Amino acid sequence: MAMKPVKVSQLNSYIKRILQTDPLLGNVSVIGEISNLKFHSSGHVYFSLKDESSKINCFIPSDLFRSIRYELADGMEITATGYVYLYEKGGTYSLNVRNIEVEGLGNLSIAFEKLKEKLSKEGLFDEKYKKPIPTFPYKIAVITSETGAAVRDIVKIIKNRNDIVDILIYPCLVQGSGAAEDIAKAIEQVNILFPETDVIITGRGGGSMEELWAFNEEIVARSIFASRIPVISAVGHEIDFTIADFVADKRAETPTAAAQLAVPNIFEYREYVKTLNDNLHKNLEWLLKHKEQILKGYDIQNFISMFENKTALWEVKSERLINDIYSAAEAKTSEYENNINSFKKSLDELNPMNIMERGYGAVLDRDGKLTGSISGFVPGDALTVVLPDGRACCEVKNVRREI
Amino acid sequence: MENIKKDTLTFEEALAGLEKSAEALRQPNTTLDDAMKSFEAGLEYYKKCQEILGKAKQKIEVYTR
C-alpha cells in the first residue's frame, strides 16, 4: 500500500519514534573497537565503534563520561551500553552511551597506561607529596571488603604485632561497578569522621585485572591524593601494580605487608625499652665505678708522698742555688781584693814619701802649692820645704836658672 | 639539660630521650652532676615509654554506615 508523500521531518520524526520505542534498541550493548575518538571542549565525547565490516557513531554526554571507569583510546575494544538515538535534523543515528565495560588484559592495559600517564603528568605520583607513615600509630583505618581475605590478614598481623593500636574497619565494595566510588567515598569519610586516624590501609586480596580494576580508577587515585591521612595501598599480590599504588604514600606488596608496614612490633619495643632501662642503670654504675677509680688515684697518702718528693727536690735545688750564689760572691770579692791590692801597689809606688825617704823634698810656694820649677821665684819669697818628718820655712836668697 | 614535657611527649621522643640518656652515661668524661641529670631524665623517659606501652586497650571495630 502506497503512502502519501511526507515531509523529511515527518519521516525522520517517524523513524525516531520507531527506533526509540523499540525495547531492544532502548538498551543495547555493542562490542566494537574505538576509532576517531574526540573529546569536545564541552566535555562531550564522540567516537566510532567498528568491527571488520561496519561502524556506528557513538556519543557520551559529559555528565555520564565522568562516571566511565576507564580511560579510552583508539584501538581499544570495548562493550558500550546505551540506546540508539536519532538526530532528526541530520537524519543520522548514533549510540548514546551510558556505560562502558572493558575486558581483556590488552584493552585494560591501554586504559591503565593512559591514566598513569595522565596522572603522572599532573604530578599525583610526585615524591614531594608523599606523606611519611607514622612510626607509632594509635589508630589504623582499613578500607576494604568486610568479608574479604585482606581484612582478615591485616587484622591478624596487626594483632600479632601490636596490642595498642585501634583498628577501624570501614567496609566498602572492592570490585565491580560502584566499587571505585565506594572506596573514594570511604577515604573521604575516614578523613572527615575519624580525623585522629594515623594511617589508612586500602586494598584487597588478589584477583584478575578486571577484579582489581577499582584501584585503577581515577576517582580512587584522586581521593588517595586528597587524603590528609597517609595512605598505604595494598592491592593483590607482589606482581600487581595499580594506579592506587603509584599515588599512595606507600605501596605494600600485599595486605599482610601493609599491616607490617603500618604498625610497629609493640612486643619488641617493650623488650627494647626494658633493655634501655637496664643500660641506663648499668651505665650509671659503670660511670660511678670509673669516677671512684679516678678518686682513688687522688688518695691523700699518695698526695703526701708526691708532695714530699716535690719538696725534697725543691730543697736540693735551692741548696744548689745558694751554693752558686756563695761561690759567685766569693769570686767577686777576691776579684775586688786583687784589684785593691794592685791599686795599693801602684799607690805605694807613687807615694811622694817614698821619694822623700831617698832625700828629696817637696817645695811649696806662698800659697801652699807644689812648685816643681823656679820660674816666678824672686829673692825674699817665702817657701815651705816638706820632708817626711816635717816642714821647714825658708827664704829665697837668690835665683839661679839652670840652662 | 632539656625539660621533659611529660604530657606532650610522643613515644618516639620518649624512646629517643631514653636512648640518649643511657648513651650519655657511657661517656667517661661526663661530670657527676651531668650524670645524675641524665640518669634522672632517663628514668622520666622510661616511665613515659612504659606508660604508653602499658595502654594495651586495643579496640577493633567495624564501621556501620
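Two strands count as paired if DSSP finds at least two bridges between them. Strands are DSSP runs (E, at least two residues) and helices are runs of H or I with at least four residues, numbered from the N terminus. Next, pick A:Leu168 and look across to B:Glu61, its bridge partner in β1(B).

This is a predicted model, where local features need pLDDT of at least 70, side-chain atom pairs need 80 or more, and totals for chains, interfaces and linings use all residues. Residues are numbered from 1 along each chain as its sequence is written, chains are lettered from A and ligands numbered from 1 in the order written, and side-chain values use heavy atoms, without hydrogens and water.

Now show the whole sheet. It is open, with six strands in parallel pairing, ordered β10(A)-β9(A)-β8(A)-β6(A)-β7(A)-β1(B). At the edges, β10 (250-251) of chain A and β1 (60-62) of chain B each pair on one side only.

Angles run from 0 to 180 degrees between N-to-C directions, using lines fitted to C-alpha atoms, for helices over the stretch in contact; contact means heavy atoms within 4.5 Å. Then select α8 of chain A, residues 255-262: this helix lies across β6, β8, β9 (231-235) and β10 of chain A, at about 160 degrees to β9(A).

Finally, show chain A as a whole, with eleven helices and 13 strands.
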